[in-house]
Amino acid sequence: MPQRVLVGGERARGVALVVAGVITAQFGAGYAVTLFDELGPGGAAFLRLFFAALVLVAVWRPRLRGHSFADLRVAVTFGVVLGVMNLSIYSAMDRIPLGVAVTIEFAGPMAVAVIGSRRALDLLWVALAATGIVLLTGPGGGSLDPVGVMFALLAATMWAFYILLAERTGRIFPGGSGLAVAMVAGAVVVAPFGIGQAGSELLKPELLAAGAAVALASSVIPYSLDLEALRRLPASLFGVLMSLEPAVAALAGLIVLGQELGAREWVAIALVVIASGGATRERSPLSASG
């Protein structure tokens, strides 16, 4: 283990970076929901991806020359998954509370962490997470919009693929250049849905500025903080800290959107947080939700 990981100050800074990234991402998601009335979830997702792509391309200046078609296909597939993930989680947040949507979505990275594991303890984490999600969806008279739940489950599936493709893209492309290519592809994929839902609203300067703010808060800043944090923290601790996302999302929903959750929902979120922390302590799912 690198010596600097063992230094208390470096570890504390790494923890602070992860927590700051989680807070920024989820409160950015809460702010994005406030734009749905004018832009729709598709329009908000499109602006987020569009502006994030602009920033990442400007920073990393990805070079496609020298990469094979197979390499480019990996990055583009990564981008398609990224686009569908953002569109589906925003569509879920349009129908169900932010904290509930992110909690269900978090099943994706947890599944990646436990698939292929031979540890018996992982069965406990799966059972805890499943119990939490069942409590959230409220079988037998629950009030959640079933379409919203389906969108959240689709986002969870895409997040699982995102993790796998992000790892492959990172091996092929230097720095964040692969992510920049993927973000462009994601924006292209979501563009028809965004333009179809938002229409001429996308041309309003105030909404463009709001979309840029969402892109910075939900994508550019959290991704950058995560990269810096991973230079200071072991992957195991990073994975556990990322498990705070559902709880922070619930707080963001309460503070930004006034979405109050009952005792059952908070217990369910706590179960998923505990399960995700336990399951991901040997791996580090990338932050991409919200």
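Visitor: Why is Arg 61 called exposed?
Guide: Exposed means over 50% relative accessible area, buried under 20%, and partly exposed in between (1.4 Å probe, protein chains only). Arg 61 has 64% relative accessibility, so Arg 61 counts as exposed. Arg 61 sits in the loop between helix H3 (36-60) and helix H4 (69-93); helices here are DSSP runs of H or I, at least four residues, numbered from the N terminus.

This is a predicted model, where local features need pLDDT of at least 70, side-chain atom pairs count only at pLDDT 80 or more, and totals for chains, interfaces and linings use all residues. Residues are numbered from 1 along each chain as its sequence is written, and side-chain values use heavy atoms, with hydrogens and water left out.

Visitor: What makes Phe 27 partly exposed?
Guide: Its relative accessibility is 27%, so Phe 27 counts as partly exposed. Phe 27 belongs to helix H2 (residues 8-33). Not counting residues up to four places away in sequence, Phe 27 touches Val 248, Ala 252, Ile 255 and Val 256, where contact means heavy atoms within 4.5 Å.

Visitor: How do you know that the buried residues of helix H11 are on the same side?
Guide: In H11 (residues 235-242), the buried ones are Phe 238, Gly 239, Leu 241 and Met 242. They cover an arc of only 165° around the axis, which puts them on the same side of H11; the arc is that of the directions from the helix axis to the C-beta atoms.

Key:
Helix = DSSP H or I, 4+ residues; strand = E, 2+ residues; numbered from the N terminus.
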